[in-house]
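These are my notebook entries on one chain. I record below what I looked up and what I found.

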Amino acid sequence: MTEAPMTAQAASTATAGDILSSHLTGLAGAFLRALPLAVGEVGARPGAAAVPTAGTGDLLRAVRRIGGLLHTFGASFESGWVQESRAELSWLLNLLALEPGLVRRAARLLGALDGLSGSEADGPGMLAGHAGAPKARALLDRQLTLARTRAHSTVLQELRSARLHALADRMTLLVADAPLAKPAEGRAGAVLLPQAAAAFGALAASTQLLPLQRAATPYGGDGLRRLGSVPSARGALDADAALAADDAPWHRTRVLVKRARYALEVCGRPSAVLDDLDRVLLRHQEASEAAVTAATAARTPRITPATAYVLGVVHADQRLEVEAARYAFGRRWPELPPGAEAWLELPPAEGWGSAPESRTA
């Protein structure tokens with residue numbers, strides 16, 4: 001939570017620095033409250049135990065929002081401080097997201113394999129009774145458990161490092177005094193709204209580069225056949241690189257959706273529509289990463305052809321999830337306001353300086 005929203009009279013004369021300081025004070029406080037909980041959660045469990053989400057989730061939310069605020073409204077702060085802070089927050093974000101991401105990936109892949117190989121009331125899965133299914137499941141479980149154990153060790157080591165203590169000290173100072181620059185002395189609407197509009201401009205430009213026409217059908221057959229143009233002699237690793245290049249603009253768009261969400265929060269206008277887009281693109285990213293994991297497992301030396309076949313089916317299943325997420329995004333995006341102006345009408349005075357209670361990361 002942040003400080004209480006400003007009164008209408010105070011907000012009418014508020015500077016950009018007032019708004020940003022109020023917002024950052026709340027986010028830095030949330031960071032400092034969640035940090036010991038997150039460190040305790042990591043230290044209290046073995047690497048294969050379930051991941052508690054309270055402290056880690058709250059810390060991730062604070063880190064993402066502080067980083068997004070500094071990116072969008074960075075011109076209102078001292079440039080050197082902004083660059084250093086963003087680099088350290090990015091390091092912590094990638095560190096904290098590693099182990100929960102592997103947990104979700106294991107649940108996604110093993111759940112997909114169980115669904116494909118099981119016999120439900122509406123009929124058996126396409127891999128029901130297949131000899132390679134049990135071995136494929138055991139292989140995925142073993143590899144993902146090992147990856148998660150290594151990630152847990154890395155996180156545990158880094159959360160005890162001097163680097164994290166230095167970042168915590170930086171957040172403590174931020175609660176008391178944000179290093180504002182000259183532009184922050186301007187009126188809130190005149191300074192912050194153009195900067196927020198730039199975040200929406202970047203999102204719109206990124207979306208124009210997406211192949212939404214190709215994703216306009218529910219099952220995305222064109223997207224699944226795209227790799228037919230890659231010469232087979234170039235090998236599996238080149239096919240992986242081609243898939244990664246095809247996914248990258250969508251991953252970039254998700255980052256920009258988050259920045260636009262956080263910009264609206266600073267302006268007192270949280271958007272459920274952007275929350276929904278973020279969830280769709282999260283599903284896209286997680287399915288894409290799960291497909292890579294399945295493809296990598298299928299290239300494990302000395303596994304049987306039946307096991308490799310099952311992993312190939314799981315890979316195809318996850319790529320179908322990728323195309324389904326792209327279709328869902330393409331259905332939602334054209335219905336949204338075409339320009340930043342519709343999103344960034346000057347909010348009510350009492351909205352400046354407030355922040356949402358959303359639990360969405």
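**Terms and the largest core**

I took a nonpolar core to be a set of buried Ala, Val, Leu, Ile, Met, Phe, Trp, Tyr and Cys residues joined through side-chain atoms within 4.5 Å. Buried means under 20% relative accessible area, exposed over 50%, and partly exposed in between, with a 1.4 Å probe and protein chains only. The model is predicted: local features need pLDDT of at least 70, side-chain atom pairs count only at pLDDT 80 or more, and totals for chains, interfaces and linings use all residues. Residues are numbered from 1 along each chain as its sequence is written, and side-chain values use heavy atoms, with hydrogens and water left out.

I first asked which residues touch the most other members of the largest nonpolar core. Of its 45 residues, these are Phe31, Leu70, Phe77, Leu92 and Leu192. I then listed the elements that give two or more residues to this core: helices H2 (16-43), H3 (54-72), H4 (79-117), H6 (162-176), H7 (188-208) and H9 (236-266). H2 gives the most, with 12 residues. Helices (H or I, at least four residues) and strands (E, at least two) are DSSP runs, numbered from the N terminus.

I looked up the neighbours of Phe31, with contact meaning heavy atoms within 4.5 Å. Leaving aside residues up to four places away in sequence, Phe31 touches Leu59, Ala62, Val63, Ile66, Leu92, Leu167, Ala168 and Met171. Apart from this core I noted another, of 19 residues, which includes Ala106, Leu109, Leu110 and Leu127. In soluble globular proteins, nonpolar side chains tend to be buried together.

**The chain as a whole**

I counted 12 helices and two strands in the chain. Along the sequence they follow the pattern α-α-α-α-β-β-α-α-α-α-α-α-α-α. Of the 361 residues, 47% are buried. I also looked at contacts between residues at least 6 apart in sequence; 82% of them join residues at least 24 apart. The chain exposes about 17,000 Å², of which carbon and sulfur atoms supply 59%; accessible areas come from the Shrake-Rupley method with a 1.4 Å probe, and for residues only the protein chains shown count as cover.

I compared helix lengths with the expected span, which is 1.5 Å times one less than the number of residues. H3 has 19 residues and reaches 27 Å from its first C-alpha to its last, close to the 27 Å expected. H3 is mostly covered, with 16 of its 19 residues buried.

For H6, the 15 residues should span 21 Å, and the end C-alpha atoms are 22 Å apart, which agrees. Which residues of H6 are buried? I found Leu164, Leu167, Ala168, Arg170, Met171 and Leu174. Seen down the axis of H6, these fall within an arc of 155°, so they line one face of the helix; the arc is that of the directions from the helix axis to the C-beta atoms. The face turned away from the buried side carries the exposed residues Ala162, His165, Leu173 and Ala176.

**Aromatic pairs**

I found three aromatic pairs. Rings of Phe, Tyr and Trp (its six-membered ring) pair if their centres lie within 6.5 Å; planes under 30 degrees apart count as stacked, over 60 as edge-to-face and the rest as tilted. The rings of Trp250 and Phe329 have their centres 5.9 Å apart and their planes at 80°, so this pair is edge-to-face. Trp250 lies in H9 and Phe329 in H11, so the pair ties together parts that are 79 residues apart in sequence. Both Trp250 and Phe329 are buried.

Phe329 also pairs with Trp333; this pair is stacked, with 5.9 Å centre to centre and 10° between the planes. Both of these residues are buried.

**Single residues**

I checked Arg302, which has a positive phi of about 70° although it is not a glycine. Arg302 sits in the loop between H10 (272-298) and H11 (305-332) and is exposed, at a relative accessible area of 83%.

Glu185 lies in the loop between H6 and H7 and is exposed at 53% relative accessible area.
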